[in-house]
Amino acid sequence: MDLIANIASALANNLFSQVAVLIGLIALIGLLLQRKPLEQVVGGAVRATLGVVILNIGVDIFVAGLVAFQAIVSSAFGITPPTSTSNMATFLVGRGTVVPLVIAFGFLIHLVLVALFKSARYVYLTGHLMYWMSLVLVATFVEAIPGADPVALTVVSSVVVACYWTLQPMWMEPLMKRAVGGDNFGLGHTTSCLALLSGYGAKALRLGDPVKHDTEKIRMPKAISFLKDINVSTVFVIGIIMIVSIFFADGGVVTKQMGDSTMAPVMWGFVQALRFAAGIAVLLYGVRMFLAEIVPAFRGISQKLLPGSRPALDIPTVFPKSPTAVMIGFLASMVTFLVCMGVFATAGWFALVPPMIMLFFGGGAAGVFGNATAGWRGAVFGGVLNGLILAFGQWIGWGWYSSTAPELATLADPDWYAIGWLFLGLGKMFEGLGGVGLWIVGAAALVVTMAALLFVRKRSVLNAEGAETEEKTK
C-alpha cells in the first residue's frame with residue numbers, strides 16, 4: 001500500500017500538478033502517434049509546453065496583483081477574514097493525505113470511461129483543478145461520514161471525481177461550441193455550473209441578441225474609444241479601483257503590500273494596474289501558443305488511443321474569443337461581490353473576503369458564455385451571478401467545512417459548491433451506515449454516470465440514423 005501511495009504521490013506532484021509537463025507529454029504522444037517527423041515532434045511538444053509556461057507566467061503576474069488588490073480592498077471595507085478551529089494545512093497532513101491517491105486513481109478511471117464509452121468525448125487535462133476537486137471531495141466525505149476508513153475514502157472519492165471529469169466537459173459542449181465556434185477542444189474547469197446558468201439563463205430571460213449586442217461590437221464615443229482595447233481598459237479600471245481603495249485602506253496594510261517600494265502609494269497602485277494588464281496580455285499570448293500546438297497534436301491520441309476524443313482545457317482558452325466580455329463579466333462580478341460585502345457586514349451575517357482570482361476567472365467565464373447567448377447584457381448577467389454565488393457560497397460553505405478545510409469555501413469556484421454540497425447531502429443521508437454508506441454513494445455516482453453516457457450514445461445514434469434517413473429521402 002505504501003508503494004502504491006508513493007507512486008501516486010509522485011505522479012500527482014510531478015505530472016498532474018505540473019500542467020506544462022502534462023500538456024507537453026500529451027503533445028509529444030499525439031505527434032508520435034501521427035508519425036510526424038522528429039523536428040515536428042520535438043518542436044510541437046516544446047512549443048506546447050512553453051505556451052503553458054508563458055500562460056502561467058501571465059497568471060503569476062496578475063495573481064500577485066490580485067493578492068495585493070484583495071488585501072487593500074478588504075482593508076478599505078474594514079473586513080477581517082473569518083477564523084476557524086481547523087485549516088487546510090492541518091487537514092492535508094491528516095485525513096487529506098489520500099488526495100494524491102485520489103488524483104491518480106481518479107484519472108485512471110476517467111480514462112477507462114472515455115475508452116469504454118464513445119459518448120465520453122473529452123479527456124480532462126486541467127491538472128491543478130484535478131488536485132482541487134479531489135481535495136474538495138475528500139473533505140466533503142470526511143465531513144459527511146467522519147468515521148469512513150481511508151480505503152473507502154480513497155476509492156469512492158476517486159470514482160466520484162472521475163465521473164465529474166468525464167461528464168463536466170460533456171454538459172458544457174453545446175455552450176462551448178457557441179462560445180468558441182467549434183469543438184476542437186472542450187472546457188475542463190470548475191466554473192461549468194456558473195457557465196451553464198449564465199449562458200442558458202441569459203437566453204431564457206431573453207436579455208439580448210448574441211449578434212446584435214455582441215460585446216466585441218460595442219461602439220464607444222471616439223474620445224474614449226481607446227477603452228475598447230482590453231489592455232488599456234484593464235489599466236484604467238483596475239487603476240481607479242486600486243487608487244481609490246488606497247485612500248480608504250489602513251496605511252499599515254498598504255505599506256505591507258508595497259514591500260520595499262519607495263514609490264508614492266498612488267503611483268504604486270497605478271503600476272500594479274499596469275502589471276495586472278500585462279499579466280493578462282501574457283496569459284492570452286500563452287493560451288494562443290499552446291492551443292496552436294495541443295489541438296492538432298491531440299489528433300494522434302484521438303485517432304489511435306481514444307478514438308473521437310478531444311482535450312478538455314482550462315478556462316483561459318475561451319478568453320481570446322471575447323476579451324471584452326471577460327472584462328465586463330469580471331467587473332460585474334467584482335461590483336456585485338463588493339455590494340454583498342457591504343450588505344453582509346451591515347447585517348452582521350459574515351465577514352466576506354473578496355476572492356479576486358475566482359472573481360476574475362469565474363466572472364470572465366460567465367461573461368464569455370453570457371455574451372455567447374445574449375450579448376453584453378448576458379455578460380453582465382453572468383458576472384452578477386458569479387458575484388452572488390461566491391458571496392453566498394462563502395458564507396454557507398465556511399461552516400460546512402469548519403472541521404476540515406474551511407478555506408475551500410473562500411477559494412472556491414461554483415462547481416466546488418455544487419458538487420461538494422450535493423455529495424455532502426448524499427453522505428449525510430447514509431451517515432449512520434458509516435463506510436457502507438460511502439460505498440453506496442460511490443456506486444450510485446458510477447451507475448448514474450454510465451447511464452448518462454449510454455443515453456448520450458443512444459441519442460447520438462438515433463440522430464445519426466435520422467439524418468441518414470432524411471438524406472436518402474431527398
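User: Where is the place of Ser119 in this chain?

Analyst: In this predicted model, Ser119 sits in the loop between helix H5 (99-116) and strand S1 (122-124).

User: Why does Ser119 count as buried?

Analyst: The relative accessibility of Ser119 is 8%. Buried means under 20% relative accessible area, and therefore Ser119, at 8%, counts as buried.

User: Which residues does Ser119 touch?

Analyst: Not counting residues up to four places away in sequence, Ser119 touches Met170, Leu453, Leu454, Val456 and Arg457.

User: What makes the pair of Ser119 and Leu453 a polar contact?

Analyst: A polar atom of the Ser119 side chain lies 2.6 Å from the backbone oxygen of Leu453. The cut-off for a polar contact is a pair of N or O atoms within 3.5 Å, so the distance of 2.6 Å meets it.

User: Why is Trp395 called partly exposed?

Analyst: Trp395, which is found in helix H13, has a relative accessibility of 31%. Buried requires under 20% and exposed requires over 50%; because 31% falls in between, Trp395 counts as partly exposed.

User: How many residues does the largest nonpolar core have, and which have the most contacts inside it?

Analyst: This core has 123 residues, and those with the most contacts inside it are Met133, Phe141, Ile294, Phe319 and Phe369. Helix H7 (residues 150-180) gives the most to this core, with 14 residues.

User: What is Phe319 in contact with, leaving aside its neighbours within four places in sequence?

Analyst: Its partners are Leu284, Val326, Phe360, Phe361, Gly364, Ala365 and Val368. Contact means heavy atoms within 4.5 Å.

User: What can be said of the protein chain, in its helices, strands and buried residues?

Analyst: The protein chain has 16 helices and three strands. Of its 474 residues, 52% count as buried. Its accessible surface comes to about 20600 Å², and 67% of that belongs to carbon and sulfur atoms.

How values were computed: Residues are numbered from 1 along each chain as its sequence is written. This is a predicted model: local features need pLDDT of at least 70, side-chain atom pairs count only at pLDDT 80 or more; totals for chains, interfaces and linings use all residues. Side-chain values use heavy atoms; hydrogens and water are left out. A nonpolar core is a set of buried Ala, Val, Leu, Ile, Met, Phe, Trp, Tyr and Cys residues joined through side-chain atoms within 4.5 Å. Buried means under 20% relative accessible area, exposed over 50%, partly exposed in between (1.4 Å probe, protein chains only). Helices (H or I, at least four residues) and strands (E, at least two) are DSSP runs, numbered from the N terminus. Accessible areas come from the Shrake-Rupley method with a 1.4 Å probe; for residues, only the protein chains shown count as cover. A polar contact is a pair of N or O atoms within 3.5 Å; within protein, one must be able to donate a hydrogen and the other to accept it, and residues adjacent in sequence count only if both atoms are side-chain atoms.
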